[in-house]
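Trainee: Please take a close look at one part with me: how the charged side chains pair up. I'd like it as one connected story, with the cut-offs spelled out as you go.

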Amino acid sequence: MVQLHVKRGDESQFLFNTTTDAALESLIQQVTAIYNGRLKVDRICSEIPELADHGVTLPPNMQGLTDEQIVELKLKDEWEERCIPSGGKIFRKDEIGRRNGHAPNDKMKEVLMRTVEEAKALISKKQAQANVCVTMEMVKEALDQLRGAVMIVYPMGLPPHDPIRMEFDDQEDLSGTQASLQVITEEECQLWWAGKEMQRGKKLQDYIGRNEKTKLVVKLQKKGQGAPAREPLVTDEQQKQMMLHYYKRQEEFKKLDEADDDSYLDSEWSNRQALKRQFQGLTNIKWGPR
């Protein structure tokens, strides 16, 4: 199997197994689906702690308003009584006015937070360091774990405007957010290797040959953004190790230079003829007038 180390810019994303006979059209579709799926899991994982702390999201026309403004405008959250967490609710006011403040109890909160950690670990970037390839099945499993945890805590479901439910229903609206800049659609996704774009319509073997034991670093790029930066010849960790090696060698050379110091040869005790000269009475002879 050919192993692809997929990156976005200089940031490692995940490992992916394929074959040299794989069509690049299909390969780009699979890689893009995993990349965007991981982003979806991350977005849900960032919202669930808010759900655990402050309950479900208020309707859009009530978000950001004070209690007095809600009363004055005669607004009512129709989903407040429907979306009650299992085991009862605890009131924790949302200071930014985005959620209704009817949070689940500590036991249910623990269920949500533990599932978040498990889902994150399943599709984590650390999987690449552990040489574990991420598949679409793993992404779906992480989503199913999160969906199951939310259903346990909110058996009646979440309101349709809640961002977590919108993510589960594939109806999320990311326009105007930072998250929208990270998503790459299948049509605009490009795969680059060794400074070259791997063209759709070709096969992977057209670029790397037929060696099934090849390992490649490929980069995802949006169409129109140009070529991504090429991989450095050495990684940051390798550079640190090289600098440490050269420093140790330099210290060793310093010690050797000190050991080669022969100034001691000028000392009296190092003179091999000193004993003979002493017997002959030739020591302490001074030349010149007294």
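Mentor: Let's begin at Arg200, which counts as partly exposed at 30% relative accessibility. On that scale, buried means under 20% relative accessible area, exposed means over 50%, and partly exposed is in between, using a 1.4 Å probe and protein chains only. Before going on, keep in mind that this is a predicted model, so to speak of a local feature takes a pLDDT of at least 70 and to count a side-chain atom pair takes pLDDT 80 or more, while totals for chains, interfaces and linings use all residues. Residues are numbered from 1 along each chain as its sequence is written, and side-chain values use heavy atoms, with hydrogens and water left out.

Back to Arg200. Its salt-bridge partner is Glu25, and the closest N and O atoms are 3.1 Å apart. The rule for a salt bridge is a side-chain nitrogen of Lys or Arg within 4 Å of a carboxyl oxygen of Asp or Glu. The two residues come from distant parts of the chain, 175 residues apart: Arg200 is in the loop between β6 (196-197) and α8 (205-208), while Glu25 belongs to helix α1 (residues 24-54). Those element names are DSSP runs numbered from the N terminus, with helices being H or I of at least four residues and strands being E of at least two. Glu25 is partly exposed, at 34% relative accessible area.

Stay on helix α1, and look at Asp53. Its side chain meets that of Lys109 in a salt bridge, at 2.7 Å from N to O. Asp53 sits in α1 and Lys109 in helix α3 (residues 106-122), so this pair ties together parts that are 56 residues apart in sequence. Asp53 is partly exposed at 24%, and Lys109 is partly exposed at 25%.

Helix α3 has another pair for you. Asp106 and Arg92 form a salt bridge through their side chains, 3.1 Å from N to O. Arg92 lies in the loop between β3 (89-91) and β4 (102-104), and Asp106 lies in α3, so parts 14 residues apart in sequence are tied together here. Arg92 counts as partly exposed at 22% relative accessibility, whereas Asp106 is exposed at 52%.

Lys40, Arg43, Glu167, Asp170 and Glu172 are linked in a network of salt bridges. Glu167 is the member to zoom in on. It is found in helix α6 (residues 163-168), and it is buried, with a relative accessible area of 6%. Leaving aside residues up to four places away in sequence, Glu167 touches Lys40, Arg43, Ile44, Glu172 and Leu174, where contact means heavy atoms within 4.5 Å. Put together, the salt-bridge rule gives a count of 19 for this model.

A word on α1 itself, since we keep meeting it. At 1.5 Å a residue, its 31 residues should span 45 Å, and the end C-alpha atoms are 45 Å apart, which agrees; the expected span is 1.5 Å times one less than the number of residues. The residue after α1 is Gly55, with a positive phi near 80°.

Finally, the wider setting. The protein chain has ten helices and seven strands. Its radius of gyration is 34 Å, well over the 19 Å that the globule rule gives for 290 residues, so the chain is more spread out than a compact globule. That radius is taken over C-alpha atoms, and the rule is 2.2 Å times the number of residues to the power 0.38. The C-alpha trace spans about 120 × 55 × 30 Å along its principal axes. Of the 290 residues, 36% count as buried. Among contacts between residues at least 6 apart in sequence, 68% join residues at least 24 apart.
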